[in-house]
Amino acid sequence: MKNITIIGAGTMGNGIAHTFAQNNYNVNLVDISEDALNKALLTIEKNLKRMVSKEKISEEEKENTLNNITTHKNMSKVVEKADLVIE
């Protein structure tokens with residue numbers, strides 16, 4: 001299992017995406033709202049920066065985590081390639 005699709009970029013969705021991405025899964029974060037997707041990525045980045053400042057993770061781990069997340073507005077293509085879908 002390597003490809004995870006998360007439907008919904010709200011509070012729970014971005015937290016789940018963060019956790020999977022930090023553990024080296026390929027994460028597709030899906031939402032119909034571009035604003036929600038952008039906000040989710042900003043939240044994840046802010047949380048990762050906090051972890052770097054507390055020396056819980058390295059800057060490289062932060063960058064790897066962010067690179068593991070791809071955002072999408074169209075669910076159909078990413079769902080069919082997913083090993084796991086979380087709504």
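Is Glu63 buried, exposed or partly exposed?

1. Glu63 has 33% relative accessibility and so counts as partly exposed (buried is under 20% relative accessible area, exposed over 50%, partly exposed in between, with a 1.4 Å probe and protein chains only). The model is predicted: local features need pLDDT of at least 70, side-chain atom pairs count only at pLDDT 80 or more, and totals for chains, interfaces and linings use all residues. Residues are numbered from 1 along each chain as its sequence is written, and side-chain values use heavy atoms, without hydrogens and water.

2. Three salt bridges are counted (a side-chain nitrogen of Lys or Arg within 4 Å of a carboxyl oxygen of Asp or Glu). Lys62 pairs with Glu63, with closest N and O atoms 3.4 Å apart, and salt bridges with shared partners join Glu59, Lys62 and Glu63 into one network. Between Glu59 and Lys62 the corresponding separation is 2.9 Å.

3. Glu59 and Lys62 lie three residues apart in helix H3, about one turn (helices are DSSP runs of H or I, at least four residues, and strands of E, at least two, numbered from the N terminus). Lys62 is buried at 5% relative accessibility, whereas Glu59 is partly exposed at 42%.

4. In helix H2, Glu45 and Lys49 are four residues apart and therefore separated by about one helical turn. Their salt bridge has closest N and O atoms 4.0 Å apart. Glu45 is partly exposed at 26% relative accessibility, as is Lys49 at 46%.

5. Lys54 is placed in the loop between helix H2 (34-53) and helix H3 (59-67). Its relative accessibility of 56% makes Lys54 exposed.
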